Amino acid sequence: MTARSADRWIVSPGQTVRGCVRVPGDKSVSHRALMFGGIADGVTTVEGFLESEDCLATLKALRALGVTIEQPATSRVRIHGVGIDGLKGAAQPLDMGNAGTAMRLFMGLLASQNFDSILVGDQSLMRRPMERAAAPLRLMGARIDTRDGKPPVVIRGTPNLHGIQFAMPMASAQVKSAVILAALRGSGVTQVVEPAPTRDHTERMLECFGVDIQREGSTISMRGGQRLRATHVDVPGDFSSAAFFLVAGSIAEGGAIELQGVGMNPTRTGLLDILRLMGADITVSNLATRGPEPTADVRVRPSKLRGIEVPLELVPLAIDEFPVFFIAAACAEGASVLRGAEELRVKESDRLATMSAGLSALGVPHRLMPDGMHLEGRSGPGPVFKAGRIDSHGDHRIAMSFAVASLQAAGDIEIIDTTNVATSFPGFAALARECGLAISEFQTETGI
Ligand code: S3P
């Protein structure tokens, strides 16, 4: 049998961007819509669902746990909720693929069940830290084992968890959400204190499902023993996918890009603030609220970017956008500095190391630090990036970031290991081509 996969891109230099595009649905919101719909009473409908590999891993896992999910169209799902006590043990280990969000949120959801579960994932996920979620869940009474802190995660279901007060040691929406999900079936009140604000999709969406959950300052509180009422969820366009086009539109030599229906949750739009501090020309219009999340249309035009020191408080609010921020910083006049971003070391790849290797391959002067990077900025007019070959290490956001760099490149950029772009942004290459990027996709034939 021959397997084919789009695993290599060659992106030729381009200069002008154009177009009016709609990026696919938000990944974080899509995961949560499936999970919350699965444990709600009644039928939840989802519009704008992101049909990506990561979200499909969550969908398949829920089916294995006894939830009926229909998908009448690519971006529409109907979830027949089984209620808070209705999940059934899966016969096989649950495969989370590349999805850290799926694994950590399922840890919370499954810790309080009356059956056992095993969570596994792909090569990248099997190397990622899971104790950050397991440790607070154990404080609630959960019985969870990891191997050297990593998957497989073995959960012995414990239905009588109790609420905790938990001060998170790191700013992580996944850890916060795991604790909240476990607390839903537990006793007493659970409080999670954030060291810095993180994305709040879980809190917003639980409210839409009728759950009483409160925030006061940096503390989120919720009483256990609440039921979820099925609802309709409108998924906004993923700001993290729009980010590639925001940087493309900013560093291009001419043209403009308009992005429609982009999620504008302020816990996600840190890159917008960062780009504006750099002098980007971005206008936001048609602000609206679609269910739990605000959306808007965003227009971006090329501008002369200035290097900046990224304000520390924006780091968690732009955490997934730093690969493409480094591309913008390389094109800016003057140096840029990012500190306080050690979390990038434990994403789908070590994003500081992977970006540093890629920037070196394209001749970009920079200094890697344990928690960030110092970039010199452009040395004068003309292309910023040399031609070269980038290994994305299977990290979707690294691959897409270096594709954007082609707008300021002197020659072809070859990007390998691009298959995982489908985990968050299936169709990226086609949409980028529509906007003027010259991406050619190649597929390696592997005999199996
Ligand atoms: C996510 C939270 C973030 C982010 C990830 C998605 C979520 O991770 O990087 O892509 O959906 O909750 P952390 O919570 O680990 O910061």
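**Notes on the predicted model**

1. His393 is located in the loop that links β23 (388-391) and α11 (396-405). His393 is not a glycine, yet its phi is positive, about 55°. Its relative accessible area is 48%. Exposed requires over 50%, so His393 counts as partly exposed.

2. Asp148 is a second case of this kind. Its phi is near 50°, positive in a residue other than glycine. Asp148 sits in the loop between β9 and β10. Here the relative accessibility is 74%, so Asp148 counts as exposed.

3. Next, a cis peptide. The bond from Pro151 to Pro152 has omega near 5° and is cis. Pro152 belongs to strand β10, residues 150-156. The loop that holds Asp148 runs between β9 and this strand, β10.

4. Helix α4 spans residues 131-139. Which of its residues are buried? They are Arg132, Ala133, Ala134, Pro136 and Leu137. Note that Arg132 is in this buried set. The cover over these residues includes two helices, α3 (100-111) and α5 (173-184). It also includes the strands β9 (143-147) and β11 (165-167). After α4 comes Gly141, with a positive phi near 105°.

5. Helices α1 (residues 27-38) and α6 (residues 201-208) pack against each other. Their axes are 10 Å apart, and the angle is about 40°. Roughly parallel would need an angle under 35 degrees. The pair is therefore oblique. The crossing of α1 past α6 is right-handed. On the α1 side, the contact uses Ser28, Val29, Arg32, Ala33 and Phe36. On the α6 side, it uses His201, Thr202, Met205 and Leu206. By class, the contact has five nonpolar residues, three polar and one charged.

6. Strand β22 (residues 372-375) is covered on both faces. Gly372 and His374 are buried on one side. Met373 and Leu375 are buried on the other. Note that the histidine, His374, is among the buried residues.

7. What pairs with β22? Strand β20 (residues 336-338) does, antiparallel, through three bridges. In that pairing, Val337 stands opposite His374. Strand β21 (residues 366-369) also pairs with β22, again antiparallel, over four bridges. Met369 is opposite Gly372 there. The link from β21 to β22 is a hairpin of two residues.

Technical notes
Residues numbered from 1 in each chain as written. Predicted model: local features only at pLDDT ≥ 70, side-chain atom pairs only at ≥ 80, totals over all residues. Heavy atoms only, no water. Buried < 20%, exposed > 50% of the residue type's maximum accessible area, 1.4 Å probe, protein only. Contact = heavy atoms within 4.5 Å. Axes fitted to C-alpha atoms, helices over the stretch in contact; angles between N-to-C directions. Parallel < 35°, antiparallel > 145°, perpendicular 65-115°, else oblique. Left-handed = near helix turned anticlockwise from the far one by under 90°. Nonpolar A, V, L, I, M, F, W, Y, C, P; charged D, E, K, R; others polar. Pairing = 2+ DSSP bridges.
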